[in-house]
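Work through the exercises below with the sequence and the model side by side, and try each task before reading its solution.

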Amino acid sequence: MNDRLMDVSKAHRLDDPERLLWLPPAMVIDALGVQPGDVIADIGAGTGYFSLPLAQAVGPLGLVYAIDCQAEMLGRLQFKLDTGGISNIRAINADADSTGLPDVSCDLVFLALVWHELAERIDFLREAKRLLKAGGHIAILDWRPDVEPEHGPPLNHRLSASDAADSLQATSFVDVKQSNVGKYSWLIQGNIDGERSL
């Protein structure tokens, strides 16, 4: 990660109920095509804004790995898991490009609002390919650079959706597609092609 990493002292913003209006998790999860029983790596999970609804979507037979490089963020998530009795989320302190998860263990690798923070994006994509099962897919959600930054990072920190799409294609993801989700975000998705080496 680089100096664009979110300041933990601002973590309360991640749980601001207003976020539900401009980035509804249900809208994102619907776009991802999440199914009961799926195993998902939510990388850059923060305090669980997406991990918690993803866990509900995959149900008791599914699993969400909530991965973040900041232990303080995961501490906030773990408190929610403990107090809510949620058992299908595993909070893991790790970097995006070195998660420590087993090979071919995930149906979906999801990166929300973190793409612009990554220092080594291709390394992250290689890690995602390592994690994905045959038929699995990757989804990257990040801030649009063509809307005023009422929320999120300044415009000069944002990257275009085409930047992510080009990176996915360069690392042999296929069926890459783009959409806008919520008021401020783009979503890029791609499928694993069965190839495991880059």
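**Exercise 1.** Which residues in α6 are buried?

Solution. This is a predicted model, in which local features need pLDDT of at least 70, side-chain atom pairs count only at pLDDT 80 or more, and totals for chains, interfaces and linings use all residues. Residues are numbered from 1 along each chain as its sequence is written, and side-chain values use heavy atoms, with hydrogens and water left out. Helices (H or I, at least four residues) and strands (E, at least two) are DSSP runs, numbered from the N terminus. Buried means under 20% relative accessible area, exposed over 50%, and partly exposed in between (1.4 Å probe, protein chains only). By that rule, Ala161, Ala164, Ala165, Ser167 and Leu168 of α6 are buried. Viewed down the axis of α6, these buried residues fall within an arc of 160°, so they line one face of the helix; the arc is that of the directions from the helix axis to the C-beta atoms. An α-helix has 3.6 residues a turn, so residues three or four places apart point the same way. The cover over the buried residues of α6 includes α5, β5 (132–143), β6 and β7 (185–191), where contact means heavy atoms within 4.5 Å.

**Exercise 2.** Where does Ser172 lie, and what is its phi?

Solution. Ser172 lies in the loop between α6 (161–170) and β6, and although Ser172 is not a glycine, it has a positive phi of about 70°. With a relative accessible area of 22%, Ser172 is partly exposed.

**Exercise 3.** Describe how helices α2 and α3 pack.

Solution. First take the geometry: α2 (residues 25–32) and α3 (residues 51–58) pack at an angle of about 50°, with their axes 10 Å apart. That makes α2 oblique to α3, since angles under 35 degrees count as roughly parallel, over 145 as roughly antiparallel, 65 to 115 as roughly perpendicular and the rest as oblique. Next take the residues: Pro25, Ile29 and Leu32 in α2 meet Pro53, Leu54 and Ala57 in α3.

Methods: Axes fitted to C-alpha atoms, helices over the stretch in contact; angles between N-to-C directions.
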